[in-house]
Amino acid sequence: MNYSMANINGLNIFFRECGDKSKPTFVLLHGFPSSSHMFRNLMPLLEEHFHVIAPDYVGFGQSAKPGVGMFEYTFEHLTDYVQSLLNALGVDKFYMYVFDYGAPIGFRLALREPERILGIVSQNGNIYEKALSEKWAARKLYWETPTAELRLFLQSAYSPETILREYLAGEPVGTVNPDGYSLDIFYTYTEGYSDRQDSLILDYRTNVAMYPQFQEYIRKYQPKLLAIWGKNDESFLQIGAEAFAEDDGNVEVVLLDAGHYALETQYKTIAEHIIRRFP
């Protein structure tokens with residue numbers, strides 16, 4: 001495993017990398033409030049079969065964290081930097097693994113340059129409004145009426161208690177390694193964290209608005225897709241996995257007895273499905 005920084009448009013972007021560069025590239029796109037650390041167990045299982053890259057987005061993990069007055073924290077802008085990183089690394093065509101925030105970033109990449117996408121793994125990476133659980137009601141209200149009171153209320157999304165629940169809900173007691181959620185909680189104490197994440201919580205409305213475009217991409221290009229889902233997810237319901245099959249005839253749906261962070265406990269099973277599905 002290599003741990004590197006690339007200077008992209010004046011900002012240092014951290015990424016993990018392993019595998020033979022002569023093999024097809026798999027780009028792993030992390031979620032909220034995590035970082036590429038979430039792929040620490042998966043990457044060693046994929047490296048014999050793929051060249052694997054997992055970046056930290058601007059404002060996350062070990063990447064640069066400019067203040068909101070110096071950087072526009074939107075999903076479109078984060079996508080710009082992921083795209084520029086892949087270009088700088090000479091990555092042409094690639095498979096992508098999308099999870100949580102990684103889904104709108106990954107599907108933005110697909111809309112921009114569909115010819116580069118070899119296949120997609122969506123692990124609780126939602127692009128269907130019907131899969132948004134009742135937990136999203138407060139966010140939808142905030143998107144419609146972004147008051148200071150609602151902004152403050154939604155900061156609970158990255159409280160230690162919420163992060164812990166996201167990891168543990170839907171998983172058997174004692175099966176989730178504390179390393180992942182402990183690191184995520186640590187990052188919430190970095191300077192400017194609230195401002196960065198509050199901006200992205202508000203901008204998430206643009207992702208929901210783009211869901212029809214993401215779905216049209218699926219219908220038009222029929223990418224080879226593995227929708228592998230922790231079916232006990234309290235944020236993105238399992239119908240989000242099943243919905244892919246309504247738009248793409250080249251989809252395999254796998255439902256795991258796991259929660260939102262299914263990769264924490266099911267990384268071996270997920271790796272087996274990826275290697276079988278994308279030989």
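This is a predicted model: local features need pLDDT of at least 70, side-chain atom pairs count only at pLDDT 80 or more; totals for chains, interfaces and linings use all residues.
1. Salt bridges in total. The model contains 13 salt bridges. Side chains of opposite charge can pair when their charged atoms come close.

2. Arg 40 and Glu 264. A salt bridge joins the side chains of Arg 40 and Glu 264, with a distance of 2.9 Å from N to O. Arg 40 belongs to the loop between strand S3 (25-29) and helix H1 (43-46), while Glu 264 belongs to helix H10 (residues 263-277), so the pair ties together parts that are 224 residues apart in sequence. Both Arg 40 and Glu 264 are buried.

3. Asp 198 and Arg 151. In this salt bridge the closest N and O atoms of Asp 198 and Arg 151 are 3.4 Å apart. Because Asp 198 lies in helix H8 (residues 193-221) and Arg 151 in helix H5 (residues 148-153), the pair ties together parts that are 47 residues apart in sequence. Asp 198 is buried, at a relative accessible area of 3%, whereas Arg 151 is partly exposed, at 29%.

4. Glu 113 and Arg 116. The side chains of Glu 113 and Arg 116 also meet in a salt bridge, at 2.7 Å from N to O. Glu 113 has a relative accessible area of 23% and is partly exposed; Arg 116 has a relative accessibility of 6%, and therefore counts as buried, the cut-off being under 20%.

5. A network. Salt bridges link Glu 76, Asp 80, Arg 108 and Arg 112 in a network.

6. Helix H10. The helix that carries Glu 264 deserves a separate remark. H10 has 15 residues, yet its end C-alpha atoms are only 17 Å apart, whereas a straight helix would reach 21 Å at 1.5 Å a residue. A kink of about 40° is centred on Thr 269 in H10. The buried residues of H10 include Leu 263, Glu 264, Ile 270, His 273 and Arg 277.

7. Strand S6 and its partners. Strand S6 (residues 117-122) is mostly covered, with five of its six residues buried. S6 pairs in the parallel sense with strand S5 (residues 94-98) over five bridges, and Tyr 95 stands opposite Gly 119 in S6. S6 also pairs with strand S7 (residues 225-230), again in the parallel sense, over three bridges; here Val 121 has Leu 226 in S7 as its bridge partner.

8. The crossover. S5, helix H3 (residues 102-112) and S6 together make a right-handed β-α-β unit.

How values were computed
Residues are numbered from 1 along each chain as its sequence is written. Side-chain values use heavy atoms; hydrogens and water are left out. A salt bridge is a side-chain nitrogen of Lys or Arg within 4 Å of a carboxyl oxygen of Asp or Glu. Helices (H or I, at least four residues) and strands (E, at least two) are DSSP runs, numbered from the N terminus. Buried means under 20% relative accessible area, exposed over 50%, partly exposed in between (1.4 Å probe, protein chains only). The expected span of a helix is 1.5 Å times one less than its number of residues. The bend at a residue is the angle between axes fitted to the seven residues ending there and the seven starting there. Two strands pair if DSSP finds at least two bridges between them. A crossover is right-handed if, with the strands pointing away from the viewer, the path from the first strand over the helix to the second runs clockwise.
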